[in-house]
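Please look over the structure shown here before reading the notes. They are arranged by topic.

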Amino acid sequence: MKSNNFQTVYIMWLRELKRLWRSKSRLVSTLAMPFFFLLFLGFGFRSGFNLPGMPEGTGYLDFLTPGILGMTMLFTSMFAGLSVLWDKEFGFLKEIMVAPVKRSAIILGRIVGGMSTSLIQGVLILIISLFIGFKIANPFGIITALIFMVLISAGFIGLGVAIASKMEDTQGFSLIVQFILFPTFLLSGAIYPLANFPGWLRIIAYIDPLTYGVDGLRASLIGFSQFSIFFDLFLLLIFDLATITLGSWLFSKTEV
Amino acid sequence: MPAILVENLSRYFNELKAVDNISFEVKKGEIFGLLGPNGAGKTTMIKMLTTLLWPTKGAAKVWGFDVVKQKDEVRNSIGIVFQEPALDNRLTGKENLDFHARLYGLNKKIRKKRIKEVLELVELENKRDVLVKDYSGGMQRRLEIARGLMHYPKVLFLDEPTLGLDAQTRHHIWDYILELNRKEKITIVLTTHYMEEADYLCQRVAIMDFGKIVAQDTPESLKNILGGDVISIEVISPEKAFEVFKKLPWLKKISRHNEEINLNVKEGEKKIPLLMKIDQKKEGFEIKSVNLRKPTLEDVFLHFTGKTIREVEAGRNGGDKVMMKRRFRR
């Protein structure tokens, strides 16, 4: 019993990677948006542009890139929920649900699989940003940045799976996700400093978990952050724990 | 111990009693059929037996394990081929089988051996590395049957195994089913709304209608209830003809269905000439055609429910069913 739970995590992970590899159009479509944001915002506001709240002497592209990385992780991770619904629509979920394995192994496999595919896409965006002119302040920061990317991903996959478990089809999911995705992204301080927000909006921004993800990524990559990196880490961990617990619980109760 | 034991099982979707207080048994090693029109509750029944749906009331045991309290044990003992395809079509045939084998904890050696075995059984060895989305409908169904067998299940569930397949492929699938029942000594429970399918495959059938079992036995005994042969007569003015036929001394049973009158008789071929001797003009009816046949399960269904399967299906048309399913799926 124990060994097939481990096998389950592994094969769910492998399946996600194979599916990503075989549907390159999906890869292109999910990467297109962060890429364009990076390109047009990054170049558009390039020289001499300094928003209040941005560190002195930092170019806008340097400020923006960690934000876009956070965005990439957010968008690609929410897609993990979509893959639950695809499996539901294509009937494959039944194959998974009748297997004699723990629901937690299934969901762990999904999270690990989704995290890996998100991470691949995040790293691709990071590489692209280097070509555009993004400068990493401290090479060791890449390691903590990867940790933050993983944590952002895990939390939003959990959330995606939780929502998907309560939904019947992909249309409903897309609608709900649109309402979560863009506010979460725009309120996180990914493309402008939170200092520009009026007080009430700033409070909402502080509830947004991506705020701490983006802040952690900035701390890691350009050495500038609003909170301490440990504070960011701590809040993200709590967010991950909460959504993964919720997602697992709702997923285990799905009937197909 | 029976392979499956169902006791007073019910499942309601809000007001709809999809399965309504059903009890039956499936013996080890037999092919058992749940027969009935779309919407009779067959799939709901299968989903409960395979732990995908919770029963509202009652209990069921599969291979001695309770479907609510011992889900994992049940899941280990069964294989399933669902009504709608449940394959990952971005994986190859072999990858789908490998995925399944790992979920069921088969080790590497057994996985390799078994994948080869089941692919040979359904004659898909040469398609093993092709993506499933490039398979035909019949090939997908065969792959699903192969997958259902991967982990040496004790009981194999087949939900409408030949739905939407052409006649030739259907016969092919039937042969696979019979062969694996023989070869692997596996107990098979299948649902179908094709009467001839149940007749050809099943050692015993239960006829379902509106969530209840209206009859269960071997196809032979069920057909014997009707007694001998069926003479179907198409008539103009069937009311009058019905009154006349009713009084025939050698008649066992008579039923009327719109223009068609069915007579259940012994040695039907000898009774047709007798029918022809009736003075139709005088009695005020006219025979348009006469057809003699052995009773089918379709006649049995008609006998127990007072309607033909086709009528039931026309009444609850497919679109409605999908809508209902969507609405009640939660």
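The briefing below covers each chain, the contact between the chains, and selected elements.

This is a predicted model, in which local features need pLDDT of at least 70, side-chain atom pairs count only at pLDDT 80 or more, and totals for chains, interfaces and linings use all residues. Residues are numbered from 1 along each chain as its sequence is written, and chains are lettered from A and ligands numbered from 1 in the order in which they are written.

**Chain A**

- Chain A has ten helices and zero strands; helices (H or I, at least four residues) and strands (E, at least two) are DSSP runs, numbered from the N terminus.
- The radius of gyration of chain A is 18 Å, close to the 18 Å from the globule rule for 256 residues, so chain A is as compact as a globular protein of that length. The radius is taken over C-alpha atoms, and the rule is 2.2 Å times the number of residues to the power 0.38.
- The C-alpha atoms of chain A occupy a box of roughly 60 × 40 × 35 Å along the principal axes.
- Of the 256 residues in chain A, 46% count as buried. A residue is buried if 20 or more other C-beta atoms lie within 10 Å of its own, exposed if 12 or fewer, and partly exposed in between, with C-beta atoms placed from the backbone.
- For contacts in chain A between residues at least 6 apart in sequence, 83% join residues at least 24 apart. Two residues are in contact if their C-beta atoms, placed from the backbone, lie within 7 Å.

**Chain B overall**

- Chain B has 14 helices and 14 strands.
- The C-alpha trace of chain B spans about 80 × 45 × 40 Å along its principal axes.
- Of the 330 residues of chain B, 45% count as buried.
- In chain B, 69% of the contacts between residues at least 6 apart in sequence join residues at least 24 apart.
- Chain B is divided into domain 1 (4-222) and domain 2 (227-294), with bounds that come from an automatic or database domain assignment.
- The centres of domain 1 and domain 2 of chain B, taken over C-alpha atoms, are separated by 41 Å.

**Contact between the chains**

- The contact takes 22 residues from chain A and 23 residues from chain B.
- On the side of chain B that touches chain A, α2 (71-77) and α3 (93-103) of chain B each supply at least two residues.
- That side of chain B divides into eleven nonpolar, four polar and eight charged residues. Ala, Val, Leu, Ile, Met, Phe, Trp, Tyr, Cys and Pro count as nonpolar, Asp, Glu, Lys and Arg as charged, and the others, Gly among them, as polar.
- B:R102 lies in helix α3 of chain B and touches A:N4, A:Q7, A:T8 and A:I11, not counting residues up to four places away in sequence.
- With 24 C-beta neighbours inside 10 Å, B:R102 counts as buried.
- B:R102 and B:V265 are 163 residues apart along the chain, and their C-alpha atoms are separated by 57 Å.

**Strand β9 of chain B**

- Six of the six residues of strand β9 (residues 204-209) of chain B are buried, so β9 is largely enclosed by the rest of the structure.
- B:R204, B:A206 and B:M208 lie on one side of β9(B), and B:V205, B:I207 and B:D209 on the other.
- Strand β3 (residues 31-35) of chain B pairs with β9(B) in the parallel sense over four bridges; two strands pair if DSSP finds at least two bridges between them.
- B:L34 stands opposite B:A206 in β9(B).
- β9(B) and strand β10 (residues 212-217) of chain B run antiparallel and are joined by five bridges, with B:A215 in β10(B) as the bridge partner of B:I207.
- These two strands, β9(B) and β10(B), form a hairpin with two residues between them, and B:F210 in the turn has a positive phi of about 50 degrees.

**The β12-β13-β11-β14 sheet of chain B**

- Four strands of chain B form an open sheet in the order β12-β13-β11-β14, with antiparallel pairing.
- The edge strands are β12 (253-257) and β14 (286-293) of chain B, each pairing on one side only.
- The twist averages 20 degrees from one strand to the next. Axes are lines fitted to C-alpha atoms, for helices over the stretch in contact, and angles run from 0 to 180 degrees between N-to-C directions.
- Strands β11 (residues 229-236) and β13 (residues 260-265) of chain B pair in the antiparallel sense over six bridges, and B:S232 stands opposite B:N262 in β13(B).
- Helix α9 (residues 238-246) of chain B lies across β11, β12 and β13 of chain B and runs at about 10 degrees to β13(B).
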